[in-house]
Amino acid sequence: MTDQGFPLEEIDTSRPHPARMYDYYLGGRDNYEVDREAAQRVVDLLPDIIPAARANRNFLHRAVRFLAGSGIEQFIDIGTGIPTSPNTHEIAQSVSPDIRVAYIDNDPIVATHAGARLTGAGNTGFFLGDVRDPASILDHPTIGKLIDFGQPVALMLVAVLHFIKDEENPAGIVAELRDALPAGSHLVLSHATADFHADSMSEVFKIYTKATATLNTRPRDEIVGYFDGFDLLEPGLVQVPLWRPEQPQSAKDVARVGFYGGVARKG
Ligand SMILES: C[S@@+](CC[C@H](N)C(=O)[O-])C[C@H]1O[C@@H](n2cnc3c(N)ncnc32)[C@H](O)[C@@H]1O
């Protein structure tokens with residue numbers, strides 16, 4: 001059994017998991033041979049994935065720090081990933097210790113690590129849930145315990161929607177989640193794109209077809225649509241290193257990053 005009461009035999013070590021491949025890109029050790037092999041093939045085809053994954057993670061950190069500093073007291077982080085310190089609650093609670101964070105991921109491997117590294121702190125919870133079923137997330141008892149929908153919420157969909165296929169209606173999923181949030185809430189979203197690496201992507205897609213979720217990159221225009229009805233904060237939806245950077249970013253380094261990210265507010 002995992003910390004979350006999930007049977008260990010449900011953890012599939014025969015196929016690469018996107019969460020464990022991402023852990024490999026970030027230099028983590030919570031991955032298996034099957035993940036390392038697939039992830040290294042992606043790195044060989046697309047070396048830019050390593051700086052891009054780091055840039056995505058740093059975007060998450062800056063967005064959380066900004067929102068915690070703006071007075072948001074509760075976060076719903078869907079597609080949490082394998083814990084990689086600092087995690088959302090560590091950043092948010094370093095700004096304001098009473099901030100509450102609900103983490104959700106559909107990968108049991110994340111659940112195996114969540115107990116010690118995500119829910120060990122007060123005011124945080126983790127549960128296995130699937131973003132493709134927003135109602136089951138919104139109605140979950142852990143959400144009921146941690147999140148007050150009468151107060152602004154930060155909803156985080158960071159590097160998760162590119163694992164949702166077009167036919168699974170990502171725009172409809174995000175709309176349902178946006179609609180549940182009260183005024184003053186924020187959406188933090190990042191998404192992989194092939195806009196800067198069109199040539200190398202077809203082989204990368206093939207590697208992910210063998211994984212537990214496929215990779216569905218999208219162009220900027222489509223990703224902007226996920227913020228419908230919310231006001232994108234400056235600088236808008238940009239390659240993640242360009243979202244409120246703390247240090248100057250070189251054009252050469254930014255050019256390598258195939259993730260867009262943005263933060264938007266519900267008026
Ligand atoms: C690339 S990681 C991103 C982790 C973290 N949000 C970040 O950006 O650093 C994507 C995560 O989304 C999770 N995921 C993929 N499909 C999902 C789904 N349908 N529902 C919930 N989580 C999902 C994966 O298991 C993985 O942990």
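This is a working chat about a predicted model.

Biologist: What kind of model is this, and which pLDDT cut-offs apply?
Modeller: It is a predicted model; local features need pLDDT of at least 70, side-chain atom pairs count only at pLDDT 80 or more, and totals for chains, interfaces and linings use all residues. Residues are numbered from 1 along each chain as its sequence is written.

Biologist: Core first. Which residues touch the most other members of the largest nonpolar core?
Modeller: Leu-155, Met-156 and Leu-157, in a core of 74 residues. A nonpolar core here is a set of buried Ala, Val, Leu, Ile, Met, Phe, Trp, Tyr and Cys residues joined through C-beta atoms within 7 Å. Buried means 20 or more other C-beta atoms within 10 Å of a residue's own, exposed means 12 or fewer, and partly exposed is in between; C-beta atoms are placed from the backbone.

Biologist: And which helix gives the most to this core?
Modeller: Helix H3, residues 49-69, with 10 residues. Helices (H or I, at least four residues) and strands (E, at least two) are DSSP runs, numbered from the N terminus.

Biologist: What is Leu-155 in contact with, leaving aside neighbours within four places in sequence?
Modeller: Ile-76, Leu-177, Leu-181, Ser-185 and Leu-187. Contact means C-beta atoms, placed from the backbone, within 7 Å.

Biologist: Now the ligand. How many residues surround it, and which are closest?
Modeller: There are 22, and the closest are Ala-19, Gly-79, Gly-81, Asp-107 and Ala-159. A residue counts as near if its C-beta atom, placed from the backbone, lies within 6 Å of the molecule. H1 (18-25) and H3 each supply at least two residues of that shell.

Biologist: How do the shell residues divide into nonpolar, polar and charged?
Modeller: 12 nonpolar, 5 polar and 5 charged. Ala, Val, Leu, Ile, Met, Phe, Trp, Tyr, Cys and Pro count as nonpolar, Asp, Glu, Lys and Arg as charged, and the others, Gly among them, as polar.

Biologist: Switching to loops. Where is Pro-86?
Modeller: In the loop between strand E1 (74-78) and helix H4 (88-95). A cis peptide bond joins Ser-85 to Pro-86, with omega about 0°.

Biologist: Why does Pro-86 count as partly exposed?
Modeller: Because Pro-86 has 16 C-beta neighbours inside 10 Å. Pro-86 touches His-61 and Ile-91, not counting residues up to four places away in sequence. The C-alpha atoms of Pro-86 and His-61 are separated by 7.9 Å, and the two are 25 residues apart along the chain.

Biologist: Which peptide bond is cis with omega near 5°?
Modeller: The one from Glu-234 to Pro-235. Pro-235 lies in the loop between strands E6 (231-232) and E7 (238-239).

Conventions: Contact = placed C-beta atoms within 7 Å.
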